[in-house]
Amino acid sequence: MKDSLVTVFGGGGFLGRQVAQALMAQGARVRVAQRDIATALRVKPLGGLGQTQFVAADITKPESVARAVAGSDVVINLVGVLAGDFDAVHHRGAANVAQAAAAAGVGALVHVSAIGADPESPSAYGRSKAAGEAATKAAFPSATIIRPSIVFGPEDQFLNRFAEIISMAPVIPVIGGATRFQPVYVKDVAHAIANAAEAPAVHGGRTYELGGPQVMTMKEINGWIARAIGRERSLVDVPHGLASLLAMLPGGPITRDQLAMLGRDNVVSAGADGLAALGVTPTPMAAVAENWLVRYRRHGRFAGRVKA
C-alpha cells in the first residue's frame, strides 16, 4: 500500500476516520471523498505531510464520483444512511462508485455493506444493501464485500445513545429485546477493510461478515451498559404491538423500517469468513468501551461505580 492512492468515499465519518488512519499506517495516500468537505477535515492531522487529500463528492452523482476516483489505485465505499432514500445511496450510489472504479482501471474495490443485506429482507434498508452488493459485483466482479454487525466506538450512535438514556431514566423500555447482535469494534472493522484493500489478490471477489467476540441480545446490551456506567435500572420489554404504534409516530423513538430490521438477528452467519480471515483479532466490548462510557457515570471518571 505504500504510496498507493486510496480514495475513501465517506472517509470523514465515524468509521471513515478509522479506516483513513489504518490506511495511512500502511503508507498509503488517502483521498477523502465526502459530500461535505468540512466534516472530513479532522482526518488531515491524522496523517503525515501530503498524505491526505480532500475532494467533494456525492455518490448519487456519477460525475462527482468519476472525478473523485480519477488516478486512484484503490477505492473504498463506506457511505451508508439509516434514514432517507436507501435505494439512492445504498444501491444506485454503490453502482456509481463501482462503475467509476471499473472505468478508471482501479486495482481494488472494497464495498462496505451490512449484515442483514438480503433481497428478501423485511426492511427497505436490508433490501437496498443487498441491491448495492449486487450492483457492485456486477460492475466490479473482484470487489471485496464487507458486512459488519453493529459497529461500536468512542463516537458511535449506539452505545453512547443508550448510555445517555440509561443515565437519565429510571426505567428503560427496550424494543426488540430478544434480537441478537454481535457488536464489533470500529478499529477492528477499519483494520479489516485496510487489509482487504491491501491484498486484492487474496480478498477480491469475497464476502466477509464482521462481528465481535460476543453475541448479545438488545436487552443484554442495555443491561451491560447500565452496569458499565454504574446505574441500576429496570429494563422493560416493549410489546411488539406498542412498538408498532411508536414506529408510526412522526419523530418517534424508532421508525417502521428500523422495527422491521429488529425482526431479524444481526449476527455473523455460520461458516462465514470474518475478522480472523482478514488478520484481525476481535476486541471485546468490555476491553475498551468503559474508557469512553465513563462520562455517563454520576461522578464521571472521578468516582467509582455508584448506585444512581
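A: Helices (H or I, at least four residues) and strands (E, at least two) are DSSP runs, numbered from the N terminus. Asparagine 195 has its place in helix α6, residues 186-198. This is a predicted model, in which local features need pLDDT of at least 70 and side-chain atom pairs count only at pLDDT 80 or more, while totals for chains, interfaces and linings use all residues. Residues are numbered from 1 along each chain as its sequence is written, and side-chain values use heavy atoms, with hydrogens and water left out.

Q: Which residues is asparagine 195 in contact with, leaving aside its neighbours within four places in sequence?
A: Contact means heavy atoms within 4.5 Å. With those neighbours set aside, asparagine 195 is in contact with Gln26, His203, Leu278, Gly279 and Val280. Valine 280 is 85 residues apart from asparagine 195 along the chain, yet their C-alpha atoms are separated by 8.8 Å.

Q: How many helices and strands are there in the protein chain?
A: The protein chain has twelve helices and 13 strands. The radius of gyration is taken over C-alpha atoms, and the globule rule is 2.2 Å times the number of residues to the power 0.38. Here the radius of gyration is 20 Å, close to the 19 Å that the rule gives for 308 residues, so the protein chain is as compact as a globular protein of that length.

Q: What share of the residues of the protein chain counts as buried?
A: Buried means under 20% relative accessible area, with a 1.4 Å probe and protein chains only. Of the 308 residues, 51% are buried.

Q: Which residues have the most contacts inside the largest nonpolar core?
A: In soluble globular proteins, nonpolar side chains tend to be buried together. A nonpolar core is a set of buried Ala, Val, Leu, Ile, Met, Phe, Trp, Tyr and Cys residues joined through side-chain atoms within 4.5 Å. The largest core has 67 residues, and Leu23, Ile76, Leu159, Ile193 and Leu293 have the most contacts inside it. Helix α6 gives the largest share of this core, eight residues. A second, separate core of 17 residues includes Ala33, Ile59, Ala100 and Phe140.

Q: Why is helix α8 described as largely enclosed by the rest of the structure?
A: Eight of the eleven residues of helix α8, residues 218-228, are buried, so this helix is largely enclosed. Among them are Met218, Trp224 and Ala228. Glycine 230 follows α8, and its phi is positive, near 70 degrees.

Definitions and conventions. Buried < 20%, exposed > 50% of the residue type's maximum accessible area, 1.4 Å probe, protein only.
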